[in-house]
There are 2 protein chains.
Amino acid sequence: MSAIEEAVAELARLPGIGRKTAARLTYFLLKQPRAVIERLAKALLNLAEQVKACSVCGNWSDTDPCLICADTRRDRSMLCVVEDAADIAAIEKTGEYRGLYHVLGGHLSPLDGVGPEQLRLDSLVARVANGSVVREVILATDPSMEGEVTATYVRGLLERYGVRISRIALGLPVGGDLEYADSVTIARALAARREMTG
Amino acid sequence: MSAIEEAVAELARLPGIGRKTAARLTYFLLKQPRAVIERLAKALLNLAEQVKACSVCGNWSDTDPCLICADTRRDRSMLCVVEDAADIAAIEKTGEYRGLYHVLGGHLSPLDGVGPEQLRLDSLVARVANGSVVREVILATDPSMEGEVTATYVRGLLERYGVRISRIALGLPVGGDLEYADSVTIARALAARREMTG
């Protein structure tokens with residue numbers, strides 16, 4: 001396989017990038033100064049080398065704990081539970097939330113073999129059970145069926161600890177993906193969160 | 001800038017990839033085994049290191065001359081002139097053309113500052129002027145206004161050398177981009193090429 005074919009094949013592995021787009025990107029890169037390609041390759045290698053999951057919240061970060069967990073100005077009484085680290089970036093962009101996060105690493109999906117053991121639930125319970133600090137948990141799983149089921153399951157796990165449990169408001173388009181919602185919608189949904197009761 | 005932000009910024013430089021898509025690709029890569037990212041980065045670096053323009057035809061290649069120019073079974077009496085190396089890949093995929101190529105490196109576009117000096121025209125004239133070998137030149141520039149103007153200009157340069165000059169048939173959608181046409185359309189357009197006369 002030639003270097004061009006190899007680049008096309010590797011780029012075509014990325015989600016949403018077919019062979020034609022991969023070829024277009026490859027020919028685009030060939031026309032760029034060598035430094036541009038090297039900078040892109042280096043940035044990708046840095047991802048693999050420097051970025052790890054934060055041992056506290058599960059967010060992707062090049063520090064451990066991540067900058068959010070380490071930030072003493074954040075409100076430690078609030079914990080926002082999300083499916084993926086990408087959701088944190090989307091919520092942070094709104095600038096409306098000052099608490100901490102917890103990444104589950106997905107949602108419950110028995111058909112895909114994702115049960116409670118596959119999610120970061122033990123560490124969530126430990127953070128909440130740890131008494132005095134956390135006073136409210138906002139369940140910001142995706143506004144999809146699986147996200148709702150997961151939120152309900154997490155509420156069941158946490159209700160014994162006497163914390164306030166709320167669900168991000170479904171101002172988000174139902175069936176959608178939190179990560180792709182716009183900042184205004186996310187901010188509104190955070191503000192209109194409702195208490196979650198049995 | 002964190003490693004994540006850097007990866008997003010570098011990916012967002014690629015054509016057709018905005019910040020949201022770049023973020024989605026970055027989070028996708030973070031979930032992959034490290035080897036996947038390394039393979040992608042290596043493939044990109046190989047592009048920069050190994051791929052050069054063929055000194056004969058201008059095609060991108062990791063050999064010089066490129067595999068097409070070096071292939072003794074190809075018909076050396078035919079020369080297909082294209083705007084970009086990506087067009088060669090599209091024509092080769094049809095399997096209908098057995099001659100050689102010449103890459104101009106773009107089309108005439110005075111408003112963008114692209115005049116005859118910016119295109120690989122001297123080497124084209126030299127190949128054609130070199131007597132006995134080339135008998136037909138197929139002008140396969142894009143079926144756009146600039147492509148037509150460029151074809152007409154090239155015909156003017158070559159007509160004194162007594163070679164047959166043809167233009168790829170406009171079975172291609174007018175205003176389109178050769179690189180993205182499907183193989184059947186390209187093959188049909190090659191077969192229906194018409195002689196180009198003053």
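# Reading domains, sheets and a helix pair

The C-alpha centres of domain 1 and domain 3 of chain A lie 35 Å apart.

Author: This is a predicted model, in which local features need pLDDT of at least 70, side-chain atom pairs count only at pLDDT 80 or more, and totals for chains, interfaces and linings use all residues. Residues are numbered from 1 along each chain as its sequence is written, chains are lettered from A and ligands numbered from 1 in the order in which they are written, and side-chain values use heavy atoms, with hydrogens and water left out.

Reader: Which domains does the assignment give for chain A?

Author: Domain bounds come from an automatic or database domain assignment. For chain A these are domain 1 (3-50), domain 2 (68-167) and domain 3 (170-198).

Reader: What is the strand order of the sheet in chain A?

Author: Strands of a sheet pair through backbone hydrogen bonds, either parallel or antiparallel. Here two strands pair if DSSP finds at least two bridges between them; helices (H or I, at least four residues) and strands (E, at least two) are DSSP runs, numbered from the N terminus. In chain A, five strands form an open sheet with mixed pairing, in the order 4-3-5-6-7. Its edge strands, pairing on one side only, are strand 4 (99-103) and strand 7 (194-195) of chain A. Strand 6 (residues 164-167) of chain A runs antiparallel to strand 7 of chain A, joined by two bridges, and Ser166(A) stands opposite Glu195(A).

Reader: Which strands does helix 5 of chain A lie across?

Author: Contact means heavy atoms within 4.5 Å. Axes are lines fitted to C-alpha atoms, for helices over the stretch in contact, and angles run from 0 to 180 degrees between N-to-C directions. Helix 5 (residues 85-94) of chain A lies across strand 3 (75-82) and strand 4 of chain A, at about 155° to strand 4 of chain A.

Reader: How do helix 3 of chain A and helix 1 of chain B cross, and at what angle?

Author: Two packed helices are described by the angle between their axes and the distance between the axes. The axes of helix 3 (residues 34-50) of chain A and helix 1 (residues 3-11) of chain B come within 9 Å and cross at roughly 150°. Angles under 35 degrees count as roughly parallel, over 145 as roughly antiparallel, 65 to 115 as roughly perpendicular and the rest as oblique. Helix 3 of chain A and helix 1 of chain B are therefore roughly antiparallel. Residues making the contact include Leu40(A) and Leu44(A) of helix 3 of chain A and Ile4(B) and Leu11(B) of helix 1 of chain B.
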